[in-house]
Structure formats: structure tokens, C-alpha cells
Amino acid sequence: MSSISIIGTGNMARTIATLAVAGGNTVEIVGRNQSKAAQLVRDLGGNTSTGDFGAVPAGDIVIVALGYANVVPVVTQYGDALADKVIVDICNPVNAAADGLTTRDGHSIARNVAEQAPAGARVVKAFNTTFGAVLAKGHPMDVLIAGDDEHAKARVAEFIESLKLRPLDVGGLTMAHYLEGTGLIMIGLAQHGVGNFDFALDVTVPS
Ligand SMILES: NC(=O)c1ccc[n+]([C@@H]2O[C@H](COP(=O)([O-])OP(=O)(O)OC[C@H]3O[C@@H](n4cnc5c(N)ncnc54)[C@H](OP(=O)(O)O)[C@@H]3O)[C@@H](O)[C@H]2O)c1
């Protein structure tokens, strides 16, 4: 089982934390609003606690569950407090019209996080192609992950498996750009072809 910290108290923080507790993991919730973090911990039960925003997180794996405008500033603010942590970036940096990414061509939020992360920290992209509402239903979906450090990816994969989800590695951190594009396509499908957010991207291997 893993020891994780989640920075954020919103939809994805609550959903991932709920699955994490059910999977027997130790979960620390860190919010800029301490009372929201405390309420989430009360709701979650299990082996959970709150942490101080900006302090060294208790978990070995730190999931940043913030909107795209806040991810890099918060990682920068944390600075050395994230040294040696596995940082999981779940962000979809989608523009207001939901027809493009806010990152520059070929770049990604995950890469920006890696550039700001302190020595020894390793960044893994994960969960951005899973809608929170579907995750919350316990659907056994695929979680696409990307990162340059195989050991860090293996630890995140182990955590994902504890949630009864299937981790699927798409390659190095350069691939995070394409995962973020995939997140954009899923939002496009939700707004057009599918018509709602109640679906998952799963990989089928024909037998
Ligand atoms: N929702 C989904 O289905 C989904 C799926 C895949 C990926 N994602 C990604 O997951 C991330 C979180 O999404 P969400 O739906 O959970 O968002 P959300 O419900 O709006 O939660 C955002 C969190 O960010 C915090 N926050 C806002 N400004 C902050 C700041 N300046 N400093 C520190 N914390 C700040 C909020 O705290 P307060 O409550 O105090 O304002 C809140 O806890 C996004 O990057 C999104 O792209 C979402």
C-alpha cells in the first residue's frame, strides 16, 4: 500500500482520496483552506489526516489536484518541500473554449512541473484521461501514465492498482503533451459526440 498526499480539496481530490482509502492507502489531504481539508478528512474516514499547505507532505507520492493555473505556482511555492517526492500531475490545461491547450506547442503542464520541481523529485502524469464522475462510480477503467523515471512510474502504477484500476504506461514525460491532448479530446467528446461526461477511455486488446 502507498502513502500519498493530495494537494487540493476539490472534485478530483475527493474522488481519488475516496478510492485510495478504500484501497487501504494512507492519505494526507492538504488544502489552502484548512477547514475544507478537515471536512474532507472527516468524510473520508480510514487512515487519513490533514497536512499544512506548503509544508513537507507526509506522503511519498504527492498528487497535485488543482486547476491548471495553480499547478505550477503551487509546485514552485512548495520548492524543496517536494524534494525526493513522486509528484503526480493530473491536470488538463484546457482553454476556456475547450478547443485547445493553454500550454505552448509540444509542451505540457507536466513538463512545466518537472522544470520547477526540486532535486530528487520525479514527475508522473496520470489520471487526466479519467473523468472524476466515472472514477467515483468505481468503474474499472484504464489510467494512462507517462514519466521519465521507471521506478516512479512503477510506484504510481502500484498505487493505481490498489484503486482497482489498470495503469497503462504510454512512455516518457514527453508523452504528457499527448496525454493532455487526449484529455482535450475527451472533453470534446463529452461536449459533442458522446454528449455527456459519463464515459471512459479504455484500451481493448483483441484476442
Ligand atoms: N474533474 C475531472 O473530472 C477531472 C478529470 C481529469 C483531470 N482533472 C484535473 O484535475 C484538476 C483538479 O480538477 P477538479 O475538478 O478537482 O477541480 P476543483 O474541484 O475546482 O478543485 C480545485 C482545487 O484547487 C484549489 N485551488 C484553487 N486555487 C488555488 C490556489 N491558488 N492555491 C491552492 N489551491 C487552489 C481549490 O481550493 P478551494 O476549494 O480552496 O478553492 C480546490 O481544492 C484540474 O487540473 C483538472 O484539469 C479533472
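Tutor: Start with Leu66: one of its backbone N or O atoms lies 2.6 Å from an oxygen atom of the ligand. Such a polar contact is a pair of N or O atoms within 3.5 Å. This is a predicted model, where local features need pLDDT of at least 70, side-chain atom pairs count only at pLDDT 80 or more, and totals for chains, interfaces and linings use all residues. Residues are numbered from 1 along each chain as its sequence is written, and side-chain values use heavy atoms, with hydrogens and water left out.

A polar backbone atom of Thr9 is 2.8 Å from an oxygen atom of the ligand. For Asn92, the distance from a polar backbone atom to a ligand oxygen is 2.9 Å. Alone, the ligand exposes 900 Å², and the protein buries 73% of that (Shrake-Rupley method, 1.4 Å probe).

Now the shell. The ligand is surrounded by 22 residues, each with a heavy atom within 4 Å of it. Met12, Arg32, Lys36, Leu66 and Gly132 are the closest. By type, the shell has nine nonpolar, eleven polar and two charged residues. Here Ala, Val, Leu, Ile, Met, Phe, Trp, Tyr, Cys and Pro count as nonpolar, Asp, Glu, Lys and Arg as charged, and the others, Gly among them, as polar.

Which elements give two or more residues to this shell? They are helix 1 (11-22) and helix 3 (68-78). A helix here is a DSSP run (H or I) of at least four residues, numbered from the N terminus.

Conventions
Polar contact = N/O pair within 3.5 Å; in protein donor to acceptor, adjacent residues only side chain to side chain.
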